[in-house]
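Colleague: I'm new to this structure and would like a close look at one part of it. Could you pick a strand and walk me through what surrounds it?

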Amino acid sequence: MLQNGRKIVPEGLKYAKYTPTNFRLKRALVVTKLSRYEFEQLRHPELSPDQLQQKLRDRGTDVEMVLHLHKVHKDFERRIVQSFQDVGCEVKLSSRLEFRSSLSKDVMSWADVIVPVGGDGTFLLSAGRASPLFALSQQKTPIVGFNSDPLHSEGRLMLPKHYSDNPADAVSRIKSGDFKWMHRSRVRTTMLGSNGKIPEPTDLFRHTEVKMEQVSTAPEILDQDMAHKYKAKMKRVLPYLALNEVFIGEHLSARVSHLQLVLDHQDVVNKTKCSGLCVSTGTGSTSWHTSINRITSRDVDDLLRSLPNGNSKNVMMLRQNAEEIAQRYNQGLLFAPDDPRLCYSIREQICVGVWPSPKTFKERDFVQTVFVKSHCIDANLVIDGSISFPFNDGAKALLEVHPEDALLTIALD
């Protein structure tokens, strides 16, 4: 942006270029998880607390544990708010449910930092809204997350667990600039078609068919080469960026997903029938990506036993270390959060007869871009397990990483 002939960098983007000591923390938006008890209250608003607890007991729910975990989270939430207020920071509080309202764009412009409190789900929701595409502005608002219950939640996206015991120390370090910036790559999804329209998204978090807030991004005309290659006229970028992964597959998991993929804009069209496609970032490589591709010690043992010399002394020694071998393999599946590459994984690819086509198509690989065309019946394109778009026969999408889409986070060791 130019002003009087000089390039002016929007305040939010300065965080990426300046040292942490230049970061001025004055306003914090604390986004809290929806506890199981609060979720049940929303489902049964007509019931009194006693009636709700009795209904849960009749269902076989451990009500005392549900109430205990609710109290643990709320107590921690108050500690976080107090910690920011103690360093002179103005705080606004928003729950996961409230954060989905249209007010969130205004709040994001107000905040210097977004603070998800809960688990990775709350962090992912906050990251989805801390998006220049969503906010329709050039501002980048950094995120720092606190795990409210490290005993029951891994919280890989949150600060290390020892800051859950002493959040005031973390806030003090952030206030004084004693931290590092971390840039996490995200997946940009662009729908390709003939008219630039995009289907209406659905909120999966509420477990009901509730439509998401529709944020408008302008349709654009495809350049001639892209239009010819992908047989489309228009493109439209979805306003939601994926921090972990984009999944494409049939809504009913028992159905086979029929997809066509073009990798890195090559001239080869890869055809597959499978249980769905997962396109992951480095951040997401610790999550679904690993779950899809990991092996167990039994897999290693079975493989070694299948060798012609499976009972030899050397192989027997390897079999004794099957657990270590599996762990090293699984660790090798991970890649850095700021890696500009994507890793696609085909879930349970059918490998009989003519499938896949060509036979050389890899079920997992690193790429820069993935073009996907659907031949599914009732499929969805799902961003971070939260936002779902219909993606049925003929639908086309381009998945890629843009440096300017990276999520800016605060890291503490």
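Modeller: Let's take strand S14, which runs antiparallel to strand S15 (residues 270-274) and is joined to it by 5 bridges. Bear in mind that this is a predicted model.

As for accessibility, histidine 265 is partly exposed, with a relative accessible area of 32%.

S14 has another partner as well: 5 bridges join S14 to strand S19 (residues 369-374), and this pairing is antiparallel. Two pairs are handy for finding your way here.

In general, strands of a sheet pair through backbone hydrogen bonds, either parallel or antiparallel. Here 7 strands form an open sheet with antiparallel pairing, and the order is S11-S12-S8-S22-S19-S14-S15. Strand S11 (220-221) and S15 are at the edges with a single partner strand each, so one side of each has no neighbour in the sheet.

How enclosed is S14 itself? Of the 7 residues in S14 (residues 257-263), 6 are buried, so the strand is largely enclosed by the rest of the structure.

Leaving aside neighbours within four places in sequence, leucine 261 is in contact with Val268, Val269, Asn270, Thr272, Leu277, Ile346, Phe361, Val370, Phe371 and Val372. Leu261 also belongs to the largest nonpolar core, which has 32 residues; Leu261, Leu277 and Ile383 are the ones with the most contacts inside that core. Apart from this core lies another one, of 25 residues, among them Ala28, Val81, Phe146 and Tyr163.

While you have the model open, there are some backbone details elsewhere. In the loop between strand S17 (342-346) and strand S18 (364-367) you'll find proline 356, joined to tryptophan 355 by a cis peptide bond with omega about -10°. Proline 358 is in the loop between S17 and S18 too, and a cis peptide bond with omega about 0° joins proline 358 to serine 357. Then there is lysine 231, in the loop between helix H10 (224-230) and strand S12 (234-237). Lysine 231 has a positive phi, near 50°, in a residue other than glycine, and lysine 231 is exposed, with a relative accessible area of 67%.

One last stop is the largest pocket, which holds about 450 Å³ of space. Its lining takes in 26 residues, and Leu204, His251, Asn380, Val382 and Ser388 lie nearest the centre. Strand S13 (245-250), strand S20 (379-383) and strand S21 (387-390) are the elements that give two or more residues to that lining, with S13 giving the most, 4 residues.

Terms used:
Residues are numbered from 1 along each chain as its sequence is written. This is a predicted model: local features need pLDDT of at least 70, side-chain atom pairs count only at pLDDT 80 or more; totals for chains, interfaces and linings use all residues. Side-chain values use heavy atoms; hydrogens and water are left out. A nonpolar core is a set of buried Ala, Val, Leu, Ile, Met, Phe, Trp, Tyr and Cys residues joined through side-chain atoms within 4.5 Å. Buried means under 20% relative accessible area, exposed over 50%, partly exposed in between (1.4 Å probe, protein chains only). Contact means heavy atoms within 4.5 Å. Two strands pair if DSSP finds at least two bridges between them. On a 1 Å grid over the protein atoms alone, a cavity is a set of points where a 1.4 Å probe fits but cannot get out, and a pocket is an open set with protein on both sides within 12 Å along at least five of seven lines; lining residues have an atom within 4 Å of a point. Grid points are joined across faces, edges and corners, and a volume is the space filled by probe spheres set on the points.
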